[in-house]
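Hi,

Here is the structure I promised to pass on. Please have a look at it first; my notes on what turned up follow below.

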Amino acid sequence: MEKERSVLVVFPHPDDEAFGVSGTIATHVKNGTPVTYACLTLGEMGRNMGNPPFTNRENLPKIRKEELKEAARVLGIQDLRMLGYRDKTIEFEDEEKLANKMLEVIEEVNPSLIITFYPGYSVHPDHDATGAAVVRAVEKMPADVRPTLHCVAFSNNCVDEIGEPDILNDISPVTEIKLAAIQAHRSQTEQMFIGMEEKLKEQDPQVMKWINNERFWTYTFNK
Amino acid sequence: MEPIDMKAAQAAINSFANKDVYIHLETTNGAYASHNDQSFFSAGAFIRNALVRYELGKITGNGPFRVGLKINLGWIYAEGITHYEMDEDNHLLLAGHDNAGKLAVALEISSTPFE
């Protein structure tokens with residue numbers, strides 16, 4: 001992984017950073033690179049309440065906020081920003097205003113690398129809208145000072161339409177940190193972990209491959 | 001939240017009748033329903049902090065339950081309700097959870113706006 005000046009991670013939900021990106025984040029932190037995580041919402045619309053329920057619609061964001069802080073702590077992220085938008089509403093925000101908000105953060109953090117979702121190929125409308133706002137923000141910058149943009153994509157059609165990811169990070173030196181970051185989002189991931197525990201213990205090749213390989217598409221700007 | 005107790009839930013609904021109340025109502029299949037199953041038609045609706053007044057509110061059914069509110073010019077209802085709670089902010093929370101504990105529907109009533 002190249003050494004960066006600083007890294008800005010932009011995602012809409014607490015836990016978006018955990019699955020596909022937290023190993024990359026942990027590696028940058030280990031390299032001494034400052035990492036800022038701008039998280040747009042508190043995942044207020046999460047559905048997992050437990051059976052029997054351990055929380056409810058109104059209390060869930062409070063839990064997820066603490067989980068987000070814990071994940072950031074585990075990953076060594078010094079600069080965690082909660083931007084105060086509401087889950088599932090990002091695509092309905094004014095696009096220009098949202099892009100300007102992103103630009104404000106980018107100009108302040110001055111990252112050499114931004115990590116976000118690939119607009120159009122990231123399944124959740126908040127993911128696509130967040131990625132689109134970041135792209136729009138970076139396009140406002142003169143081409144010669146733009147940071148590199150690495151995007152996460154996972155829609156069923158993504159490889160067909162945008163090809164294979166060009167960045168493959170083997171994060172096996174920080175597997176444990178990554179697993180701790182995923183577990184920090186307990187309200188969202190506990191169920192999944194119950195099913196995976198055995199496989200993790202046995203170092204199941206399929207599961208370890210999924211955990212240890214993080215994939216990104218470098219975004220090419222048209223403007 | 002607790003499994004619905006009809007009597008207690010009905011009493012809580014009654015306590016908000018005939019005054020200005022804020023409503024949160026949502027139905028959802030989750031944002032990944034059509035990603036996980038491409039044949040699935042995903043639909044949902046969401047409203048938060050709608051200010052209404054109801055003259056009559058009722059919980060019915062044998063579980064999962066249905067809740068209907070007769071408001072000044074129309075109706076509000078939700079079906080699939082399994083749990084309820086009067087939280088520390090005096091919100092009446094009614095929700096329907098599937099077998100995996102995932103929220104599928106929520107109807108919430110409060111005298112003050114939701115956060």
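This is a predicted model: local features need pLDDT of at least 70, side-chain atom pairs count only at pLDDT 80 or more; totals for chains, interfaces and linings use all residues.

Let me start with the peptide bonds. Asn51(A) and Pro52(A) are joined by a cis peptide bond, with omega at about 0°. Pro52(A) sits in the loop that runs between strand S2 (35-39) and H2 of chain A. Chain B has a cis bond too, from Gly63(B) to Pro64(B), where omega is near -5°. Here the proline belongs to the loop between strand S3 (45-60) and strand S4 (65-71) of chain B. As background, most peptide bonds are trans, and most residues other than glycine have a negative phi.

Lys88(A), which is not a glycine, has phi near 70°, and its place is the loop between strand S3 (79-82) and H3 of chain A. Gln203(A), also a residue other than glycine, has phi near 55° and lies in the loop between H7 and H8 of chain A.

Which of these is buried and which is exposed? Lys88(A) is buried, because 21 other C-beta atoms lie within 10 Å and the cut-off for burial is 20 or more. Gln203(A) has 9 other C-beta atoms within 10 Å, so this residue counts as exposed.

Leu8(A) is part of strand S1 (residues 7-11) of chain A. With 27 other C-beta atoms within 10 Å, Leu8(A) is buried. What does Leu8(A) touch, not counting residues up to four places away in sequence? The contacts are Thr36(A), Ala38(A), Val105(A), Ile106(A), Val109(A), Pro111(A) and Ile114(A). For Ala38(A), which is 30 residues apart from Leu8(A) along the chain, the C-alpha separation is 7.4 Å.

His13(A) is in the loop between S1 and H1 of chain A. This histidine counts as buried, with 27 C-beta neighbours inside 10 Å. Neighbours within four places in sequence aside, His13(A) is in contact with Thr41(A), Gly43(A), Asp87(A) and Asp126(A). The C-alpha atoms of His13(A) and Asp87(A) are 7.3 Å apart, although 74 residues separate the two in sequence.

In helix H6 (residues 175-184) of chain A, the buried residues are Ile177(A), Lys178(A), Ala181(A), Ile182(A) and Ala184(A). Why do they share a side of H6(A)? They cover an arc of only 155° around the axis, which puts them on the same side of the helix. In general, an α-helix has 3.6 residues a turn, so residues three or four places apart point the same way. The cover over the buried residues of H6(A) includes helix H1 (16-30), helix H2 (60-75), helix H7 (186-201) and helix H8 (205-212) of chain A.

Take H1(A) to begin with. The axes of H1(A) and H6(A) come within 9 Å and cross at roughly 135°, which means that H1(A) is oblique to H6(A). The crossing is right-handed. On the H1(A) side, Ala18(A), Phe19(A), Ser22(A), Gly23(A) and Ala26(A) make the contact, and on the H6(A) side Ile177(A), Lys178(A), Ala181(A) and Ile182(A) do. By class, that contact has six nonpolar, two polar and one charged residues.

With H7(A), the axis of H6(A) comes within 6 Å and crosses at roughly 115°. Ile182(A), Gln183(A) and Ala184(A) of H6(A) meet Arg186(A), Thr189(A) and Phe193(A) of H7(A). These residues divide into three nonpolar, two polar and one charged.

**Helices H3 and H4**

The axes of helix H3 (residues 95-109) and helix H4 (residues 125-139) of chain A come within 8 Å and cross at roughly 65°, which makes H3(A) roughly perpendicular to H4(A). This crossing is right-handed. Among the residues in the contact are Leu98(A), Met102(A) and Ile106(A) of H3(A), and Val134(A), Ala137(A) and Val138(A) of H4(A). The contact has nine nonpolar, no polar and two charged residues.

**Between the chains**

Finally, 13 residues of chain A are in contact with 21 residues of chain B. The side of chain A that touches chain B has four nonpolar, six polar and three charged residues.

Best wishes

Methods:
Residues are numbered from 1 along each chain as its sequence is written. Chains are lettered from A and ligands numbered from 1 in the order in which they are written. A residue is buried if 20 or more other C-beta atoms lie within 10 Å of its own, exposed if 12 or fewer, and partly exposed in between; C-beta atoms are placed from the backbone. Helices (H or I, at least four residues) and strands (E, at least two) are DSSP runs, numbered from the N terminus. The arc is that of the directions from the helix axis to the C-beta atoms. Two residues are in contact if their C-beta atoms, placed from the backbone, lie within 7 Å. Ala, Val, Leu, Ile, Met, Phe, Trp, Tyr, Cys and Pro count as nonpolar, Asp, Glu, Lys and Arg as charged, and the others, Gly among them, as polar. Axes are lines fitted to C-alpha atoms, for helices over the stretch in contact, and angles run from 0 to 180 degrees between N-to-C directions. Angles under 35 degrees count as roughly parallel, over 145 as roughly antiparallel, 65 to 115 as roughly perpendicular and the rest as oblique. A crossing is left-handed if the near helix is turned anticlockwise from the far one by less than a right angle, and right-handed if clockwise.
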